[in-house]
Amino acid sequence: MTIDLQKPATIMRGIGSYVPSQVVDNVALSKKVDTSDEWIRSRTGIKQRRIATEKESTSDLAFNAAQNALKNAGLKANDIDLVIVATITPDMAFPSTACLIQHRLGIPKVACFDIEAACSGFLYALDIADGMLSSGRFNCALIVGAEKLSSIMDWEDRTTCVLFGDGAGAAVLAKTGKGPKLIGFKSGADGSNPTLLHQPAGGSLEPASLKSLENRGHFLKMNGREIFKSAVRVMGAAARDLIAENGLTEKDIDHVIPHQANARIVESLSQRLEIPLEKFFCNLDKYGNTSAASIPIAFDEATRASIFKKGQLGLFVAFGAGLTWSAVLVCF
Ligand code: ACO
């Protein structure tokens, strides 16, 4: 291992998450669409997911996760001077969900924006925040991955609606203090095939109309098989490049927190990277795929379970619509 741990790094001062209380298991879903608990479990590993109520929006989930992260960091909202929310299901196209939670946190004037990198969004946001904190112009960043994916699900499409769930995870980052250190980043994208995973209507290309509603164009559409293959390839490549660029080998990695999309994707990634499956933390059986919220929810749960030992190395790795991908190295 050649990593220089004395080098100044961005520190994750606190992590927190929040999921809606309503649990929808596979048996309940099989009463809505032509599916079964056996099919969903064997093809994806998912047993249940959390679904927000009509009254709960993405900013509600984000706000609760942010408060939990601040509490765990031992910091107050007014310590924050930058808010970034990663989401593909903002409360509305604009203003940003970051602005909405800024107001609820009572921190006027601080910089706020959303980013859209789908399931890689939280890791992209860590990468962006690291750059902004390292510039010296910001001191303390609140990063949130939050999704109400149930709001863009086609509940008549069994090939997608069984996969996703709602939730939020948040982290507080600073250049000083105690916590896991973010020591390397690798973000990228390939925009050559956008319709592999997309929401066709509601943007400037196809604004909302009676026709777009009739065509169910406001719902998520996905080519699952192609996404599966791309996911393993791009996460594998991003992880390998990041590990090598930091003078490490796959054997140096103690823990992997992968994007929680599908247990079979995680197994294939483990084989491709030759990192044993026991080193991968998964909770997708409980929450399904929560897109930008998936890694911080998993990281928060793993942190609370005390699975990380001081000095161990962790790898976060994600892929998402775009296609986007991102990997982040962490020293606990
Ligand atoms: N219940 C029962 N049968 C189903 C269901 C369901 N929920 N969904 C599909 N099927 C059927 C299909 O119709 C097909 O039937 P057929 O053979 O008669 O045509 C059969 O099951 C097999 O379908 P496949 O699509 O080949 O199934 P596969 O094994 O590929 O699994 C899955 C599908 C789970 C979607 C898988 O391809 C996958 O996980 N892909 C990746 C998806 C993903 O991770 N997306 C998230 C991207 S991240 C982001 O940015 C949001």
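Reader: Which residues lie nearest the centre of the second largest pocket?

Author: Rolling a probe the size of a water molecule over the atoms shows where empty space is left. This is a predicted model. Here, the lining of the second largest pocket has 22 residues, and Lys178, Gly179, Pro180, Cys331 and Phe332 lie nearest the centre. The space amounts to about 470 Å³.

Reader: Which elements give two or more residues to that lining?

Author: Two are listed: β1 (10-18) and α11 (294-304). β1 gives the most, with five residues. Domain 1 (10-179) and domain 2 (183-331) each supply at least three residues. By class, the lining has nine nonpolar, six polar and seven charged residues.

Reader: Now the ligand. Which residues come nearest?

Author: The ligand has 27 residues around it; Thr35, Arg43, Cys119, Arg225 and Asn262 come nearest. Look next at polar atoms. A side-chain N or O atom of Arg43 is 2.7 Å from a ligand oxygen. Asn262 also places a polar side-chain atom 2.6 Å from an oxygen of the ligand. Arg158 uses a polar backbone atom, 2.9 Å from a ligand nitrogen. The protein buries 77% of the 1,000 Å² that the ligand exposes when taken alone.

Reader: Why does the ligand lie between the two domains?

Author: Check who supplies the shell. Domain 1 (10-179) and domain 2 (183-331) both give residues to it, so the ligand lies between them. Among the elements supplying at least two residues each are α2 (37-44), α9 (263-273) and β12 (313-320). The largest share, four residues, comes from α8.

Definitions and conventions: Residues numbered from 1 in each chain as written. Predicted model: local features only at pLDDT ≥ 70, side-chain atom pairs only at ≥ 80, totals over all residues. Heavy atoms only, no water. Near = heavy atom within 4 Å. Polar contact = N/O pair within 3.5 Å; in protein donor to acceptor, adjacent residues only side chain to side chain. Areas by Shrake-Rupley, 256 points an atom, 1.4 Å probe, with all protein chains shown as cover. Domains from an automatic or database assignment. 1 Å grid on protein atoms, 1.4 Å probe; cavity = no way out; pocket = protein on both sides within 12 Å on 5 of 7 lines; lining within 4 Å. Points joined across faces, edges and corners; volume = space filled by probe spheres on them. Nonpolar A, V, L, I, M, F, W, Y, C, P; charged D, E, K, R; others polar.
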